[in-house]
Amino acid sequence: MATLKDRIEEVRKAFEEAAPQAGDAKSVEELRTAFLGRKRGRIMLLFEELKSAPAEEKREAGRLVNELKVAVVDRLQALENGALMAVRPAREIDLTLPGRQRYVGRPHPLTLFQEEIERIFLSMGFAIEEGPEIETDYYNFEALNFPPHHPARDKWDTLFIKGDLLLRTHTSPVQVRVMERTKPPIRIICPGRVFRRETPDPTHLPMFLQVEGLVVDQGVTFANLKGTLEHFLRALFGEKVKVRFRPSYFPFTEPSAEVDIECLVCSGRDPDCRVCGGTGWKEILGSGMVDPQVLKNVNIDPEKYSGWAFGLGVDRTAMFAFGIPEMRYFYENDLRFLRQFGAK
Amino acid sequence: MKISQDWIREYVAVDLPRQELVDRLTMIGWVPETVEEKDGDLILDLETYANRPDTLGHLGVARELGALLRLPLLEKDWPVAELDEETAAVADVQIAAEALCPRYCGLVVRGVPVGPSPEWMRRRLEAVGLRPINNIVDVSNYVLFATGQPLHTFDFGRIGGGRIVVREAKRGETLVDLDGRTLALEPGMLVIADESRPVALAGIIGGQASGISESTRDVFIESACFDPIGIRKTAKKLGLATDASYRFERGADIGFAPQGARMAASLLTQMGGRASRGLIDCYPRPPKALRVRLRLRRVAELLGVVVPEEFVVDVLGRLGFRLEPAAHHAWRVDVPTFRVDVSREADLVEEVARFYGYDRIPPRVTPVDSFPLAANRSRERLARIRQALLGQGFDEVINWSFADPEREAAAAGGRTPVAIQNPFSNRASVMRTTLLPGLVENAAWNLNRGLEGVHVFETGNVYYWVDEKKHREDLHLGLLSTGLRPGAGPSGAPAEADFFTVKGAVEAALEALRFDPVVFEERDHPSFEPGSALAVLYRGQAVGFVGTLRAAFTAGASVERPVIAGEIDLSALFGKTPRPFEFVPVPKFPGVVRDFSFLVDRAVPYGDAARILGRLDQPLLEGFELVDRFAGPPVPEGRVSLTIRLRFRHPQRTLVAGEVDKAAQEIIGHLKAALDIQLREGIN
């Protein structure tokens with residue numbers, strides 16, 4: 001049986017015979033694969049063999065294989081350079097210059113993300129409704145079943161204008177306005193800017209974008225809320241995403257549900273996950289069956305009609321979807337940030 | 001709120017592995033924000049809800065767990081060692097403000113040696129993050145965190161005349177509170193007073209003078225129920241927030257007041273005190289028990305799932321509701337006093353749903369039997385505008401609706417901004433009346449970071465007062481361009497943006513609306529350099545401006561280069577009706593093109609020539625464009641050469657040279673007469 005040393009010599013010969021045949025880049029690459037390929041390259045196989053070689057042979061053989069490898073690498077490099085330098089006809093036009101593009105502006109990432117949300121709901125037969133950003137206490141709070149002086153208002157920390165005017169803290173007032181002027185069936189989403197008296201930090205800003213939705217009809221149930229929102233979240237985050245509904249409290253819905261999706265970052269595997277805090281779940285939206293008092297406030301009979309509603313922060317959802325650590329990036333309007341999302 | 005598992009176990013025999021406990025609490029609405037092990041105990045920091053004051057103590061959380069796990073709630077006895085003297089004989093309680101204090105209970109405990117609390121009680125308090133102080137203060141904290149009922153303990157020796165008067169504060173009264181602050185009181189604020197002065201701010205904080213000290217011998221225990229709105233108004237006004245006010249403003253359990261006092265008395269008698277006989281219980285108008293109808297059918301109608309009748313009865317019973325069967329699978333439900341959140345059928349349905357499990361309700365897509373016919377027009381128009389501007393190479397930005405009042409004044413729009421009463425920052429204390437300062441800010445930010453050009457637009461509202469009472473918010477388009485335009489290829493140097501970049505973008509955006517074309521007219525505006533702005537007119541009404549921003553304005557944001565910008569009031573335009581779309585057949589016969597170059601005085605704008613050409617009654621003239629404009633040699637000083645391309649066509653036949661020549665001569669004749677033009681040599 002041939003010794004390892006013999007086989008090294010054999011491989012060297014084989015390479016030296018093959019090398020002069022390689023004239024273009026493609027054949028140089030083939031040669032590289034045949035001799036240096038990670039799995040089946042002949043030199044790589046020699047290294048494998050070396051592992052089980054007897055100790056007395058190992059040192060000498062090891063040196064030889066290494067020398068061979070260095071020689072082959074050098075030769076291949078030389079061949080490759082040669083292949084590129086091969087004589088080519090002079091050209092009038094250098095076709096490898098970059099193409100000429102007309103610059104098309106990029107939409108803001110929040111607009112993009114909001115449009116994606118809108119598209120999903122439009123496909124389910126929802127209409128888009130808008131309303132004023134300077135609202136009255138009635139539409140922003142009272143009609144939504146926040147009694148005056150109720151501590152529930154603390155969660156919707158408000159910027160006040162004067163008298164009963166304030167900056168809307170959610171787009172729910174649009175829901176109230178639509179219910180006041182429309183008869184069921186109602187199926188709408190309300191996107192828009194909302195305002196809270198927040199001290200800016202990575203996940204809180206005094207202004208952000210929200211999309212809320214509302215369905216009112218006969219026979220609408222919590223099961224419908226679940227089915228529709230699950231569909232929405234799968235359309236937005238992917239078919240396989242896990243969704244969970246858990247009880248919560250909002251003055252304007254009863255029963256209320258917070259909706260979580262599984263953490264896209266760690267899938268619940270990282271106890272110190274920055275995104276989900278190790279719970280494996282990320283809160284995405286608030287929802288619930290429209291409170292009967294809210295329906296009464298707009299003269300819709302809660303015995304005859306029922307409804308469900310949801311609200312979601314566009315900014316925070318986009319942060320989660322794109323892995324953006326700070327909300328303020330959206331409003332700094334650094335073009336190096338904004339322009340990335342056109343390619344999303 | 002921090003909850004100790006060991007403490008919970010005093011009320012219900014929970015025995016779940018840590019993760020299961022966390023998950024199951026979460027799925028009935030109690031989300032542990034943190035979970036930590038401490039000395040063999042498990043401490044859960046539960047998210048609280050503004051409508052569930054009953055869960056602001058361990059008892060309430062235990063009740064929830066009992067209902068979830070079908071475990072009984074464990075009752076405890078609170079035996080009290082009593083003296084012979086009647087409470088009523090030593091203390092006199094009067095409620096002088098019934099609306100603010102519907103119930104007040106109290107008793108006296110004599111001879112408690114003030115000192116450290118027993119080890120077990122200190123451990124309980126420390127577990128939920130409290131610092132033990134002394135046995136008497138600790139007992140009131142213990143009862144609060146055990147049951148959610150806030151108590152107050154007075155040094156009875158310092159209550160003048162043994163009189164407890166629950167009344168509104170008088171104008172000018174003050175109280176030095178337990179933390180040493182002097183509170184200025186006023187009518188509307190509820191106080192506990194003795195025969196002469198306030199000794200506590202009811203339901204919020206005690207007074208220093210009547211507080212427990214080392215020399216305290218006799219203690220008056222207060223266990224009351226105060227009006228939530230009154231407490232909230234007072235606490236907000238004085239900027240106070242305490243464990244007691246937090247609970248009272250959410251609603252205390254009016255039924256529990258006597259038991260709270262008894263519990264405290266029992267604990268204090270275990271520490272060596274003796275309680276006065278009988279509890280004072282001032283309860284002038286006990287409210288009628290709240291009764292709510294619940295129909296099994298309604299549970300299914302709202303939830304979309306049939307929940308078994310036995311389940312409904314069992315879970316509501318465990319939560320403390322009393323169900324009395326009525327006809328047709330319905331119940332009359334007595335709501336316990338601690339459930340201040342429940343008053344309607346829907347509230348009960350939520351309780352059923354929570355414990356039945358939201359995860360067991362089958363998801364069903366909302367059935368749709370009709371679709372909206374009309375699109376949202378203003379959004380559709382906005383989308384067209386955005387698309388056009390992106391196509392013109394402008395990037396979209398979104399700026400704050402807030403503005404710095406000084407920068408806003410510098411933008412000189414002249415409108416009265418809407419001020420915010422409680423801004424989060426003085427530099428964002430008004431609402432913007434124009435989009436321009438935000439865009440200039442964007443230019444500054446990006447130029448300072450090495451970008452060679454900034455071409456951006458924003459669509460969003462501006463806000464202003466029309467008069468004292470009436471405000472408006474209008475949807476505006478703002479756009480700004482400065483520096484090199486992006487996207488030049490290998491053979492072309494990137495172009496510098498100029499006035500016509502922005503003017504062209506405005507034209508493109510507005511053309512996308514298919515309205516009547518806008519007209520530009522030279523007009524000054526305070527935001528723009530004099531003589532370099534155009535008003536954008538739609539049917540004679542100014543709807544916006546484009547121009548070079550005033551240097552003083554841009555320099556304020558440290559932008560030193562020329563900035564072209566424009567702002568259009570889209571609200572004014574979106575109300576209009578676009579031209580109906582009409583298809584025009586593609587011409588069948590060839591047209592003829594004639595270029596004319598002529599010299600004209602430099603003071604004569606191209607717009608004048610265009611206006612004359614546009615008004616001609618010349619049926620063969622299909623259209624015209626400016627193809628060249630040139631000044632400098634060989635064009636004489638003071639004049640400019642314009643080349644205009646005229647396009648002729650007849651709809652029904654091929655044109656003959658003669659008729660084109662004739663029409664062209666007539667057109668040139670018109671221009672000559674109106675503008676003193678001179679045809680250049682060598683051009684036919």
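Predicted model: local features only at pLDDT ≥ 70, side-chain atom pairs only at ≥ 80, totals over all residues.
The size of an interface is often given as the accessible area lost when the parts come together. Here, chain B and chain A bury about 7400 Å² between them, with carbon and sulfur atoms accounting for 55% of that area. On the chain B side, the residues that lose the most area to chain A are B:Y358, B:R379 and B:I398, which together make up 10% of what that side buries. In terms of contacts, 87 residues of chain B meet 90 residues of chain A.

Polar interactions also cross this interface: 9 salt bridges are counted between chain B and chain A, and 47 residue pairs are in polar contact. One of the salt bridges links the side chains of B:E458 and A:R193, at 2.9 Å from N to O. Strand β23 of chain B (residues 453–465) gives the most to the side that touches chain A, contributing 9 residues. That side of chain B is made up of 39 nonpolar, 24 polar and 24 charged residues.

In chain A, the peptide bond from A:P184 to A:P185 is cis, with omega near 5°, and A:P185 sits in the loop between α7 (172–181) and β4 (186–195). Another cis peptide bond joins A:E254 and A:P255, with omega about -5°; A:P255 belongs to strand β7 (residues 253–262).

Positive phi angles occur at two non-glycine residues. A:N299 has a phi of about 60° and lies in the loop between α9 (292–297) and β9 (306–313) of chain A. A:N299 counts as exposed because its relative accessibility is 74%. For B:R539, phi is about 45°, and the residue is found in the loop between β26 (528–538) and β27 (541–549) of chain B. With 58% relative accessibility, B:R539 likewise counts as exposed.

Definitions and conventions:
Residues numbered from 1 in each chain as written. Chains lettered and ligands numbered in written order. Heavy atoms only, no water. Contact = heavy atoms within 4.5 Å. Buried area = accessible area lost by both parts, 1.4 Å probe. Salt bridge = Lys/Arg side-chain N within 4 Å of Asp/Glu carboxyl O. Polar contact = N/O pair within 3.5 Å; in protein donor to acceptor, adjacent residues only side chain to side chain. Helix = DSSP H or I, 4+ residues; strand = E, 2+ residues; numbered from the N terminus. Nonpolar A, V, L, I, M, F, W, Y, C, P; charged D, E, K, R; others polar. Buried < 20%, exposed > 50% of the residue type's maximum accessible area, 1.4 Å probe, protein only.
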